[in-house]
Amino acid sequence: MQKAEKMQALRVFAAEIRLETLKTIGSLGFGHVGGSMSVVEALAVLYGEVMKVDPKNPRWEDRDWCVMSKGHAGPAMYATLGLKGFYPIEQAYTLNKPHTNFPSHTDRTKTPGIDLTTGSLGQGISSAVGAALGNKMDERDSHVFVFVGDGECDEGQVWEAAQFAAHYKLDNLVCLVDDNKMQLDGKVEEIMGHAKGIGAKFDAFGWNVINVENGNDVEQIYDAVMSAYDCKGKPTCIVLNTTKGKGATFAEPSGAHSSQPSKEQWDEAIAAAEAELAKVKAQ
Amino acid sequence: MNFNVIGKHESDSRANRDAYVTAMQEMMAASNKVCHIDCDLYGCINTKKLEKEFPKQTFNAGIAEANAVGVAAGLVATGRTVFVHSFGCFASRRVYDQAFMSCAYAKLPVHIVGSDPGVVAAYNGGTHMPFEDMAIYMAIPEAVVVDPTDYAMLYDLTKKLAASDKFSYMRMVRKGIVKVYDDGAEFEIGKGVTLREGKDVTIIASGIMVDEALKAEEALKAEGISAKVVDMFTWKPIDEELIVKCAEETGCIVTAENHNVKTGLGSAVANVLAKNKPVVMEMVGVEDRFGQVGAQKFLQEEYGLTAENIIAAVKKAIARK
């Protein structure tokens, strides 16, 4: 397949993930829409083109791993894994309902395809580092991808993990920073700024850093991941400049962390995502 | 269970930590899936030896305990058996959220080892003196929480925990511990060990307090008081059956622990008794106080962690029957 065709397929996949993420959260009517929407394109690239996974054997030993350290983006993971065939997508619509296997934050004991449990921010990156170390010790050709939020980077543990990964030269680890500029209480730069930037921090910690100008553009993300694969001897951090709430009509303008819109607003958002999917498919 | 009690109250000539290191050496040699992670404390528990012999299975995470525990969880997810060590204060308080969520909640059975428990922290002082480490780990569902008594038990439990597939927290005295059991002793996690039979009272102890309990039993016997002594090294899951049996047989219980009595072994035993067989109880341990600096002997006297204090508690319990 030519690259242009691949990218077109990824754009369609991303539009499908966005729609299904909205339907998943919308099934209960409220949830973490903002941070789920911003990582949709990166998930489409990873699961649509890059990662080795087997939906019929989620714990396949030679798989690539994906850890959503910003665990509240669980719904976007659930939509992606459902579309990828890990389970019928309708199962994800039980999100946060009694005894569901699809809780707010990703849980390896409940959902097929979820590699590690996250939710308490800062912890997923350490576990991902451990998984990368284990895969390296086993001499597997497996990569571990970990999503951290820009707000999550307030946590000291992120930087403990960053120094460990660089010290042990974990070049099979790729950290994707969802730099959507917002955290729960407002703009990141106002709540807890990152001085010279998150990328500069990872650079100072000895990582290979790639800045993606538009973190909601599948081609730019794909090129960055391919570049990460070429880097040997150190882990790679890809800073995705994203838009919180991207494509959710009620969430994008405010960049809200969680949303509980009206039924009409849900209908409008889902209709808009369906229209976007149709438009992308027609391209 | 298979053990022989020495009962001479003599210190082991070996450093206690070597029981852990020896067990790890044997397990690491047998399987490259067994790993040790330390937090810049190789020098304190002699694990430099592990790094030298098993460089691909031994990792120094630096002074970053929270990350060390998270990394351990990730390694377990790749099919490994992982022990993480730091001083007890850091191995509990500082890593609690990571131990809870990344390990226990996630069903990734990391084994956490906390050295210098309670007054054993001695010259590192109150900042480093955990009287709450066992309590906070007992609050985690399904966790296995143990306070080994001596070299033979530490060696055996290290291997038993590795084989258990359960998240665990184990205390470890680094050096200078009384030898209670002959080498080669074997124990069962969750089963208390009856060291002496008696009919007037049961003394339930763990860790460094086991030898104090044995000394108390001997002194009491000379006074005509018959005390049963139980080594309750597993605080969770606690041996409910044995506790109830002791209450039925002796009618009163005295617990002895190197920990805050408000949240420790005494509380765990009381919990069982209140539900099943309420009897008179006395608790020997740290009375809701912070630690402080000093020699271990001074600290044991300061906090009442002595045979003398157990004897007084026994007499009080019997009088209250």
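In chain B of this predicted model, strand 5 (residues 144-146) runs antiparallel to strand 10, and two bridges link the pair. One of these links joins B:Val145 to its bridge partner B:Lys236 in strand 10. A quick word on terms: strands are DSSP runs of E with at least two residues, helices are runs of H or I with at least four, and both are numbered from the N terminus. Two strands pair if DSSP finds at least two bridges between them.

Now step back to the whole sheet. It is an open sheet of seven strands in chain B, in the order 2-1-3-4-6-5-10, with mixed pairing. At its edges sit strand 2 (58-60) and strand 10 (234-236), each pairing on one side only.

Next come the helices. Helix 1 (residues 17-30) of chain B packs on the sheet and touches strands 1 (34-38), 3 (81-87), 4 (111-115) and 6 (168-172). Here, contact means C-beta atoms, placed from the backbone, within 7 Å. Helix 4 of chain B packs on the sheet too, touching strands 1, 3 and 4.

Helix 4 also turns up where the chains meet. There, 21 residues of chain B are in contact with 23 residues of chain A. Helix 4 (65-77) and helix 6 (96-105) of chain B each supply at least two residues of chain B's side, and helix 4 gives the largest share, nine residues.

A note on reading the labels: residues are numbered from 1 along each chain as its sequence is written, and chains are lettered from A in the order in which they are written. Local features need pLDDT of at least 70, side-chain atom pairs count only at pLDDT 80 or more, and totals for chains, interfaces and linings use all residues.

Notes
Contact = placed C-beta atoms within 7 Å. Axes fitted to C-alpha atoms, helices over the stretch in contact; angles between N-to-C directions.
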